[in-house]
Structures are given as structure tokens and as C-alpha cells.
Amino acid sequence: MWKKSQRQPRVAWEEDGALQESSSSVEPHEVTMVQPMQTDASGLPVYGEEQEAMAFIQTFVRLSCQMKDSKLKFLDSICTLCRSATDCGSLLGLEFFCHRYELAEKIKVLLNEESQKQMCTEVRLLAMLAITGLSSVGSVLQDSTQLINSCFLSILCLPPEGEMTSLEASLYTQTLDAMDTMLKAVVLNSPAESLQDILEAGQNEERGDACRQIHIPVLGKVFGRLILMSFEEETTKCVALDALYTLLKFICQQKRVTLPEGNAQLQACWEARITSLLHSPSAKDFMEAFGNYLGPSERTDIILSTITMFHYSSTCSQQVALSMLEVIGRDPDWWLMDVPNIVSHICHTGLVTDTQVQHRLHSLLLLMADKSPGLVVTTLLQMALRGERNALSLWEVMFSVPQTVEKVLKELHIQLQDQKNGVLQSSDENTCLTHVALLASEDVHEEEFALLYNTCRFLMHSDNTTDTQMLSLLLRALITLSESGDRARKMKVLVPDLVNLLRHNLVSLAMKALMVLWNVMRHLKRAEASPVAMEMVKALRPYFDEEESWVRERCIRSFRGLLRTVVGKEKKWMKNYVHSVLAPLILRMSDEAPRVGQASRNAVLAIAELLKWKELKHVVKTRQTWKMADCLVRMSPRDCARP
């Protein structure tokens, strides 16, 4: 068997080259001096082994009869030149050289000369490797239909693998792998045109049964890329649509779902459907047309490619990707097969700022969480083990939906309690998540949960980033769970710590704590809620001047609601306290944010109602703002209660 020669460094060519070819006859595998090269190829790196490879190729193409070893060395020489030119960025010179000596055509001839009865040489294997190298060299494989067809014929016409010797079977397997790699390289280096060549070669092949076993590498990724090209630049649109058309027909044949021969009516319907795609193409139509003929891994590749599209700057690209995800969302049982892979991809590449894109990605995550909560939870826990803190944002999305949070927390509780599977090691974070998960369990009653919470007080926090991120996640879960009356009543034990969180230096955490408190307060008796309301009012006052308008609005609205909650001694305290906030609220009635102004007006009316201050109530209702200052000056606290 031919063996590759060792690399031997030599002196570099001068600019115009100085290799010469002897006029005397030589053996095919013996290389001497060759005639001078044209300057168009002088940009090629020709050092040592590359010089020998180029000289041998020039000699080989002139020989009328080649021995086996010469064929192998010729193909390996092509691989050597392609590898060197790629590394040195000299593909332009190599492209001229390949066209001058018609290397693609020569490879096709060698494949056609191989015996179809046995796998006895490495010619097929090296031919696949040589074509892989040439796929990156400009327009060398521009018209590759016949060459690809020869590749298929040289492999598919061989006897079954079971009838081969062990040596032949091993070589056959290596060659198939090399052909798979070759097809992948050809497709990815020029997806629209090359894919069409490959598919046309497969369709023209007469051995129909064998062709149905041809594997199209990275089919899902190619499909996603073609869809993108079909709705982008005009220069690529037509050829991409043609490739999609050919791909659709080919996949139908591959999956054995072509229409019965001789049934002209059904065949006409099928052709009409494909034609309609070409006349009025849309991403959704192509997804629906392709979807039924793809395997699980291919469907997953399409989803991953679609998610990746969101990183393109083109608005058109994002709209195409959104349309594709819409089709996926309609039939999650069919599309969402490889849940761990899709979840990881959303986490790693789905960090986009566009609101519409975020909504679509979050919807996809929620569909997977409802369909396979165990797989989603396991994947995110494993990501947490690897220190991927950005996974917390995905937990927060799932914790925002009542139906989803129940499924996820129940699954989370099971996995965190199972110490044998090693999903997580013991930590404070695990304890926090475990206790929150207990809230979703109907078997844990209010008193039992109170005892468990008092052992860890997971809402007590520190100021480091890790703790605040986990605290934010826990509060998100509590907000959703507290929307249920039964679970809200279990959370009474959390109220003191939630009130303390209203004073947190992170406004986002304080606002989440406020939302939980409101949900819990609705399920407390007036006597229980009154002292809590008094503490909440004091904590909310600083937020009236917060920079974010939504924070000002929420806190002022909450303040107004709390005025109606107090009773007894807390109500007496409240009547005295509200005088200190009355002037700031009146000023906020003219806030630049209209919603804040309306909330402030309603709060002032609530104060007037609490104090039975009829004149103030009238002035606010009639919007006589110029009288408010006089009203405040003339009325003392003792006058407020006068009928």
C-alpha cells in the first residue's frame, strides 16, 4: 500500500518559479524537474513538500496510464496543496492551478475507473479527502454535479458491507466517513449552489434504493441557512429558493414518502404545492413543508440554527427566525425532541435585548418546561454546577408562570432530595430552593412550613452578587406562588423578612418583595394586616422620589391601598403620619409621568378620606391646584376631623 512521504523542507521558489520538467520519460511516481510555472500561480506557498506535490501533479496529468501508487500520490498531493494554501491564505493562486490542470475532472475520471465489484484500494478515500480540500478553493467545484454523482456511484455500486473482507469493510467505513465530511464541506462552503448539485446528483442516480440511504450532513443547519438566504439579498435569493425546492423533493424521496407512481392526480397536487412555495415563499410555509420529513436530530439542528439567527443584525433575519419559531411552537411534541440541547442553546446564545425575540424564546422554554420538566430542571442544575450563572434568568422565566412553576418546583424538590444522583452538592442555595419547592407541595401545611422556614430564614441576605441573584429568583417564585390563596397563607411566616426587604438597596428586589407582600396581605385578617401595613408605609416613603417612574407609581399606589388596611391604634398613628407625606404627594400630582400624577392624586384623595378633610377632597377633585397651598396652611391636624 502506498505511504505518504515525509515532509522535507527545501528552499522557496523565486517569484516566477524555477521548477522544470524533464523531457525524458519517467515512472509515474518519480518526480524530476518540470517546466516553468505561470506567474498567475506564483502566489502559492511552495516549500519542500508543497513543491514536490505540485511538480508531481503536473507530471501525473500528462501521463496516459497511471499505476495505483501514482493515483494515490496524486490525490494526496492535492490534499497537501489545499492544506498549505488554506493555512497561508494563498487560495487564489491555487484556484488558477486547479483550473489549469483540471484537477476536479481528473478526480472524477479516477473514481469512474475504480472497480465496482470490490473495495481494494484507497483511491476512493483519498478522492473524498481531495474534494474536501478543493471545496474551499474558489470556483473549482462550481459545477460539481457530475463529480458528486461519481462519488455516489463509486460507493453505492459496491457489494453490501457484509460481503466484504474485514480489511475491505474497514476501508469502506473510512471512505463513507470521508464522503460525509466531504459533503458537509461542499455544502457549507457554498450552501445554495453546492447543495443543489448534491441533491441533483442523488436524484439522477439510478439505484433508487441505495440513494434513499444517502445521509445529508448538517441538514438542519443548512436548511436554516438557506431559509435566511431566501429572504435576504436579491443576489442569493433565487439560487437559495431553487436549492430549497430541490431539497424538498429529495427529502421526500429519502424518507420514502413520495407519491405512488402512476397516480397522476396526487402527483399533480404535490407539484402544485411545491410550485406555490416558489411563487409566494415564506419561512412558515417552508417549515411546514419540510417538518414532516425530518428526523429528530435534523429538527433540533433547525431549531438551534433558528435561535442563532437572532444574533444577525438584520431585522429581516430576526423576523424570519420568529416565523420559524412560531411553527415550532404550534407542534412542540414533534419539534422539541432534544430538550437539553435546546435549553443550553437558549441559555448560551439567546441573550438578546429585543422584546419580541425574548418573548418568543421564553415561550419556547415554557413549552419545554411543561412538556418535559424533568429534563429542563436537570439541564439547568447541571449548568449551575458548571458555574453558568446566566441560567438563573431561565429559572426566573419558568417561575413567572403559575402552571409551569408548580411542575418545575415539584421536579426540583425531587431532584434536590435525591442525593444519590449527584446533580447538586449540598449548599445554602440548595436549601433555599428546597424550601421554596415545598410551597408547591400540597402535603406541607402552614405550620410545618413555618417551622422549616425558621430554621434557615432564606430571605435573610448578604450584599454579594451571588446571594442577590438567588434572592431575586426566590422572590420571583414567591410572587407566582402567592397568587394562590392556599400558598399565600403558608407565607405568613415570611412577612417580617419581606418587610425588611422593602428597605433593600437594590430597588428590583424591594419591588419584588412588595408584590409578594400584597398577595399575602389579601389573605390576612385585618388585625394581622394592620401592623404590617404601618411598617410598609414607612418603608415605601423613600420610593416616592425614585428615578424610575414605574417604581414611583407602584409605591404610591401601594401606599394608597395600605391606608384602608389599618385599624385601631395603627389607624391613629397613620392619621398623624400622613401629614408628612401630603406635601410631596401634592407635588407629585404634577409629575412628568402622567400615571404617577394620577396615582398621586388618588393617594391625596385617600388621605383626605382618612382625615375626613372635605375641603382638601373638594380641591383635589375639582383640580383647583392653586388653592391647595392655602388649604394646607389654614387647616391644622385638629381641624381635619371636624365635620
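Which residues in α2 meet which residues in α5? On the α2 side they are Lys71, Leu72, Leu75, Ile78, Cys79 and Cys82. On the α5 side they are Val123, Leu126, Ala127, Leu129, Ala130, Gly133 and Leu134. By class, this contact of α2 with α5 has 11 nonpolar residues, one polar and one charged.

The model is predicted.

**The chain as a whole**

The chain has 643 residues, and buried residues make up 50% of them. It holds 35 helices and zero strands. Take the contacts between residues at least 6 apart in sequence: 71% of these join residues at least 24 apart.

**Two helix pairs**

Two packed helices are described by the angle between their axes and the distance between the axes. The table gives both values for two pairs.

| Helix pair | Residues | Axis distance | Angle |
|---|---|---|---|
| α2 and α5 | 68-88 and 123-134 | within 9 Å | roughly 25° |
| α19 and α21 | 373-385 and 402-417 | 9 Å | about 60° |

Start with α2 and α5. Their axes cross at roughly 25°. Angles under 35 degrees count as roughly parallel, so α2 and α5 are roughly parallel to each other. The crossing of α2 past α5 is left-handed.

Now take α19 and α21. They pack at an angle of about 60°, and are therefore oblique to each other. Their crossing is right-handed. From α19, the contact uses Pro373, Gly374, Val377, Thr378 and Leu381. From α21, it uses Lys407, Val408, Glu411, Leu412 and Gln415. This contact of α19 with α21 divides into five nonpolar, three polar and two charged residues.

**Aromatic rings**

How many aromatic pairs does the structure hold? It holds six. Phenylalanine 97 and tyrosine 101 are both buried. Elsewhere, Phe56, Phe60 and Phe74 form one aromatic cluster.

**A residue in a loop**

Where is arginine 457 found? It lies in the loop between α23 (446-456) and α24 (465-481). Its relative accessibility is 33%, so arginine 457 counts as partly exposed. Arginine 457 and aspartate 497 are 40 residues apart in sequence. In space, these two residues are 8.1 Å apart, C-alpha to C-alpha.

Definitions and conventions:
Residues numbered from 1 in each chain as written. Predicted model: local features only at pLDDT ≥ 70, side-chain atom pairs only at ≥ 80, totals over all residues. Heavy atoms only, no water. Axes fitted to C-alpha atoms, helices over the stretch in contact; angles between N-to-C directions. Helix = DSSP H or I, 4+ residues; strand = E, 2+ residues; numbered from the N terminus. Parallel < 35°, antiparallel > 145°, perpendicular 65-115°, else oblique. Left-handed = near helix turned anticlockwise from the far one by under 90°. Contact = heavy atoms within 4.5 Å. Nonpolar A, V, L, I, M, F, W, Y, C, P; charged D, E, K, R; others polar. Phe/Tyr/Trp six-rings, centres within 6.5 Å; stacked < 30°, edge-to-face > 60°. Buried < 20%, exposed > 50% of the residue type's maximum accessible area, 1.4 Å probe, protein only.
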